[in-house]
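Here's a quick briefing to read alongside the model. Have the sequence and the 3D view open as you go.

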Amino acid sequence: MSSAEYLRKRVAQVGKAEAVMEEMIRLGLLTDEEIKASKLTQSKIKEIMVELEPTMAEIYQIRAKLNIHGDLAATLKLIRAERIAMVKARREERKIEKERNRVIRQEAWESAKRKKAPFLGVGVSERLTFEGGDLPKIVKSGLPELVSLGNIAEAMGLTTEDLVWLCYERAATETDHYTRFEIPKRAGGTRLISSPKPKMRVAQSWINQNVLAKLSPSEYCFAYRPKKSIVDNANQHVKKKVIIKLDIKDFFPSITFNRVRGYFEHLGYNPGVSTVLALLCTDSPRVRVTIKGRAQIVAIGPRSLPQGACTSPALANLIASRLDSRLAGYAKKLTGDWSYTRYADDLTFSSNSEEQNIGHLIAAVGHISRDENFEIKSEKTRIMRSPRRQTVTGLVVGDDVRIPKATIKKMRALFHNIETKGQEPVSEELGKNALAVAQGYWAYLYMVNPEQAKKYLKKHHWLARK
């Protein structure tokens with residue numbers, strides 16, 4: 001007879017209260033003496049019965065298992081197995097919950113990154129807040145409405161991850177976003193060229209076409225502008241009694257990351273967007289070294305406009321606009337009716353007056369340039385008076401603009417050698433394609449004097465070959 005059947009039988013025989021009392025005594029919960037001494041009332045017994053119900057239910061379950069299995073050791077093993085399974089199930093539930101929370105956090109992180117970048121490197125992340133800015137000013141200027149990291153990436157056709165990868169400032173890295181090489185300067189030394197790799201070129205081209213191309217530099221600037229050339233620059237100084245040429249030292253390198261970011265903020269973009277755009281448009285000069293057996297590209301200077309990026313010329317012109325305005329304004333105030341132009345880093349002043357205070361002008365140019373965070377390379381300053389030869393951006397300026405005779409002489413000699421010796425022997429002598437060099441000379445001549453260039457083309461028809 002099972003325990004449940006026994007209890008039902010006793011309840012039928014002696015009543016529920018008595019049956020419960022017997023069971024409590026049998027289990028050792030109450031003794032006969034305690035029952036007599038306490039004089040338990042019927043209501044008290046009922047209270048105890050209610051309290052004991054969960055315990056009795058568990059006892060009945062254990063008894064049922066003992067009755068089913070008959071083997072206590074086997075039953076205990078079964079209970080232990082059930083508990084182990086329960087612990088494993090709880091552990092699996094916690095694991096699933098932990099993974100679910102991780103996915104939620106990751107999705108929140110990815111969502112946040114599309115709107116803002118929390119950190120883009122040491123020294124460039126202190127203003128990474130994608131709030132504020134002047135949206136009405138941006139709209140009025142016809143510029144793209146960029147307010148977040150996701151905005152920029154979507155506009156450029158890049159993923160957020162790619163954009164962060166392109167922007168991230170690293171003092172040393174195994175990956176370089178530029179191909180770097182040096183070319184010789186005409187006056188001696190070398191110039192570092194940083195040519196952007198494909199993804200960086202995509203980002204910079206977008207900025208150049210959609211932001212910078214919609215802005216106009218000062219009227220005194222003639223370099224890196226459509227339909228403007230060295231001829232237009234030189235024409236501003238024809239038939240002048242005195243010409244002064246000055247040179248800005250390290251023009252592109254002097255336009256640093258902070259200046260570029262400040263310019264984008266000036267356009268109306270918030271600090272976060274301005275930081276991202278400035279990081280895409282600047283880079284540190286770098287060298288390749290081996291550290292602990294691993295090749296690293298290490299920064300050796302502050303971030304600035306890289307020579308080779310398509311955005312650098314336009315940004316240089318735009319940021320130098322204030323310098324142009326101040327220098328032109330000062331020149332107009334001087335006695336002598338001075339004219340001013342800038343072609344990249346070449347500053348040119350000219351006057352046709354007898355009254356000239358050249359010393360004051362040169363000193364003022366140095367002071368204003370320093371105030372605008374540029375430096376004049378004093379050793380390259382030149383003063384040219386008529387009737388001696390005067391040159392501006394490599395062209396002779398007198399009654400008109402012309403190419404120097406020495407250049408024409410070299411061009412004629414090259415044309416003659418190609419016709420008498422042949423293109424291939426001359427290419428071997430030059431170490432470069434002779435036809436390409438000749439066509440470059442001819443294009444230079446055509447820019448300055450189209451009529452004279454046409455005469456050479458008629459005489460040397462092979463110049464038209466592709």
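How much of the accessible surface of the protein chain belongs to carbon and sulfur atoms? The share is 53%, out of a surface that comes to about 27400 Å². Keep in mind that this is a predicted model.

**The chain overall**
- Of the 466 residues in the chain, 39% are buried.
- Looking at contacts with a separation of 6 or more, 65% come from residues 24 or more positions apart.

**A three-stranded sheet**
- Three strands line up as E1-E6-E5 in an open sheet, with antiparallel pairing.
- The edges are taken by E1 (172-173) and E5 (286-291); each has a single partner strand, so one side of each has no neighbour in the sheet.
- E1 pairs with E6 (residues 294-299) over two bridges, in the antiparallel sense.
- Within this part of the sheet, Thr173 sits opposite Ile297 in E6.

**Cysteines**
- How many disulfides does a search of the whole structure find? The count is zero.
- A disulfide, after all, is a covalent bond that joins the sulfur atoms of two cysteines.
- For Cys310, the closest cysteine sulfur belongs to Cys281 and lies 8.0 Å away, which is too far for a bond, because a disulfide needs the two sulfur atoms within 2.5 Å.
- Is Cys221 buried or exposed? Cys221 is buried, at a relative accessible area of 0%, whereas Cys310 is partly exposed at 31%.

Conventions:
Residues are numbered from 1 along each chain as its sequence is written. This is a predicted model: local features need pLDDT of at least 70, side-chain atom pairs count only at pLDDT 80 or more; totals for chains, interfaces and linings use all residues. Side-chain values use heavy atoms; hydrogens and water are left out. Two strands pair if DSSP finds at least two bridges between them. Helices (H or I, at least four residues) and strands (E, at least two) are DSSP runs, numbered from the N terminus. Buried means under 20% relative accessible area, exposed over 50%, partly exposed in between (1.4 Å probe, protein chains only). Contact means heavy atoms within 4.5 Å. Accessible areas come from the Shrake-Rupley method with a 1.4 Å probe; for residues, only the protein chains shown count as cover.
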